[in-house]
Amino acid sequence: MIWNKEAESMRIGERETLQIERLKAILRRAYKNVPYYKNRFDELKVKPADIKSLKDIKKLPFTTKTDLREGYPFGFFAVPRKEIVEVHTSSGTTGKPTVSGYTRKDIDIWGEVVARALTMCGATKNDIIQNGYGYGLFTGGLGVHYGAQRIGATIVPVSAGQTKRHLDIMQDFGSTILTCTPSYALYLTEAVAEAGINIKKLKLKAGCFGAEMWTDRMRDEIEKRFHLLALNIYGLTEIIGPGVAQECDQKNGLHIFEDHFYPEVVSPETLDPLPDGEKGELVLTTLTRDGMPMIRFRTRDITTLRREPCKCGRTLVRMDRITGRSDDMLKIRGVLIFPSQIEKALLEVKGVEPHYQIIVTRPQHLDEIEVQVETSKKLFSDEVKHLEEVKKKIEKHIENSIGLRVKVTLVEPKTLPRSEGKAKRVIDKRQL
Ligand code: DLL
């Protein structure tokens with residue numbers, strides 16, 4: 001099923017015409033109504049009228065999270081504040097959060113793109129969607145909520161956490177679709193097992209998981225334990241929230257809703273645009289956002305764009321699953337590594353649970369990585385000799401993957417902190 005066939009399966013040339021028209025309009029609005037954009041455009045001596053084709057977008061300045069913070073709280077609004085009907089903020093851990101403002105029309109578009117995403121997961125009017133994304137300033141809860149309502153499905157706004165309630169509702173209401181972070185989905189699988197719930201009695205058929213990095217191996221684990229189809233949803237507060245891109249059942253990348261969000265991939269070092277198929281930082285421009293247009297926003301997320309046709313019939317460009325961030329790429333002894341590389345390597349070892357934490361220290365001017373990994377119950381009760389073998393095996397596996405020696409510590413099942421929202425995978429104790 002395709003929610004909006006006209007938009008999602010549009011002929012590519014036709015979509016490009018639509019994109020350039022929308023881009024021109026949004027640039028005019030941003031330049032006229034947001035002093036920040038006017039100043040930056042003037043500094044670079046570029047005017048909205050200089051953008052005549054999509055390729056010209058590279059003449060425009062980038063916008064970063066730091067820029068947005070400088071405009072805190074409402075400096076990026078392109079409409080009078082009274083036109084803004086809702087605000088959300090990003091989940092930043094340092095400094096002021098970034099604020100995202102929506103007009104009534106923006107909220108409608110948000111509902112539309114999330115409806116497309118949920119439809120990719122198989123959602124229809126007949127479904128009961130159990131929403132485990134946090135409601136509140138975080139965009140996950142309400143974003144999924146608007147999309148589900150657009151479809152006419154039954155939304156159950158459980159929000160993040162409240163594990164017992166999740167388990168009860170799952171059984172009593174017969175929820176068919178689960179939406180939450182992948183780490184929380186995994187946690188729920190454990191809680192289900194612990195509570196002695198018979199998975200076969202649950203009606204879950206699909207899960208729409210995102211808001212944090214995860215891997216195919218984690219997907220396999222969730223699918224196996226929950227007996228459902230687990231698909232990846234991507235988005236960010238600054239652009240709209242969830243619903244920027246979504247994986248279809250072909251599981252070969254996430255379709256970007258490019259009639260609303262124009263994607264580019266650039267080199268994080270030179271900031272030059274990279275051709276399709278090359279890995280770099282995703283940059284997004286909103287094409288229809290009235291309340292807060294974002295021009296060339298540097299997401300810091302690392303991915304690759306692909307335009308080969310997809311069997312699902314959508315003509316929307318696809319992006320690979322996010323493999324890291326250009327800012328919290330870990331630089332260990334001068335080597336750039338992504339936490340996801342470590343995750344991938346350790347999950348290839350049998351008996352290892354997808355719960356881990358990476359701790360980076362610098363004891364004597366040299367970086368060291370310790371990876372704390374939970375083992376399965378069975379493995380943990382094995383002989384010490386066997387545990388030692390597994391530990392060595394994981395160390396070898398990670399070393400082969402990232403080219404660096406790491407120390408692995410096996411910890412008892414269920415001892416690492418669980419998160420109800422985004423999991424914290426890396427603890428960097430170096431004061432860099
Ligand atoms: O996480 C929006 C969202 C809610 C997406 C629910 C999907 C589902 P922020 O809190 O602003 O917004 O965080 C955005 O989270 O730049 C990525 O680094 C990361 N992220 C989001 N989705 C994925 C994903 C929401 N599917 C930041 N895979 C983004 C990897 C993701 N990382």
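1. Strand β18 (residues 368-375) pairs with β19 in the parallel sense, over 5 bridges. Two strands count as paired if DSSP finds at least two bridges between them; helices (H or I, at least four residues) and strands (E, at least two) are DSSP runs numbered from the N terminus. Within this part of the model, Glu 370 stands opposite Lys 407 in β19.

2. The model is predicted: local features need pLDDT of at least 70 and side-chain atom pairs count only at pLDDT 80 or more, while totals for chains, interfaces and linings use all residues. Residues are numbered from 1 along each chain as its sequence is written, and side-chain values use heavy atoms, with hydrogens and water left out.

3. The open sheet is formed by 4 strands in the order β19-β18-β17-β20, with mixed pairing. Its edge strands, β19 (407-411) and β20 (426-428), each pair on one side only. From one strand to the next the twist averages 20°.

4. Helix α10 (residues 339-347) packs on the sheet and touches β17 (352-361), β18 and β20; contact means heavy atoms within 4.5 Å. The direction of α10 makes about 140° with that of β17. Axes are lines fitted to C-alpha atoms, for helices over the stretch in contact, and angles run from 0 to 180 degrees between N-to-C directions. Helix α12 (residues 384-402) lies across β17, β18 and β19, at about 140° to β19.

5. Helices α7 (residues 163-174) and α8 (residues 182-194) pack at about 75°, their axes 10 Å apart. The two are therefore roughly perpendicular to each other (65 to 115 degrees). Thr 163, His 166, Leu 167 and Met 170 of α7 make the contact with Tyr 184, Tyr 187, Leu 188, Ala 191 and Val 192 of α8.

6. There are 20 residues around the ligand, and Asn 232, Ile 233, Thr 237, Asp 301 and Lys 422 come nearest (a residue counts if one of its heavy atoms lies within 4 Å). An N or O atom in the Asp 301 side chain is 2.6 Å from a ligand oxygen atom. For Ile 233, a backbone N or O atom lies 2.7 Å from a nitrogen atom of the ligand.

7. Ala 211 is found in the loop between β6 (206-210) and α9 (216-226). Although not a glycine, Ala 211 has a positive phi of about 85°. A backbone N or O atom of Ala 211 also lies 3.0 Å from a ligand nitrogen atom.

8. The peptide bond from Tyr 72 to Pro 73 is cis, with omega near -5°. Pro 73 is placed in the loop between α4 (65-70) and β1 (84-89).

Key:
Parallel < 35°, antiparallel > 145°, perpendicular 65-115°, else oblique. Polar contact = N/O pair within 3.5 Å; in protein donor to acceptor, adjacent residues only side chain to side chain.
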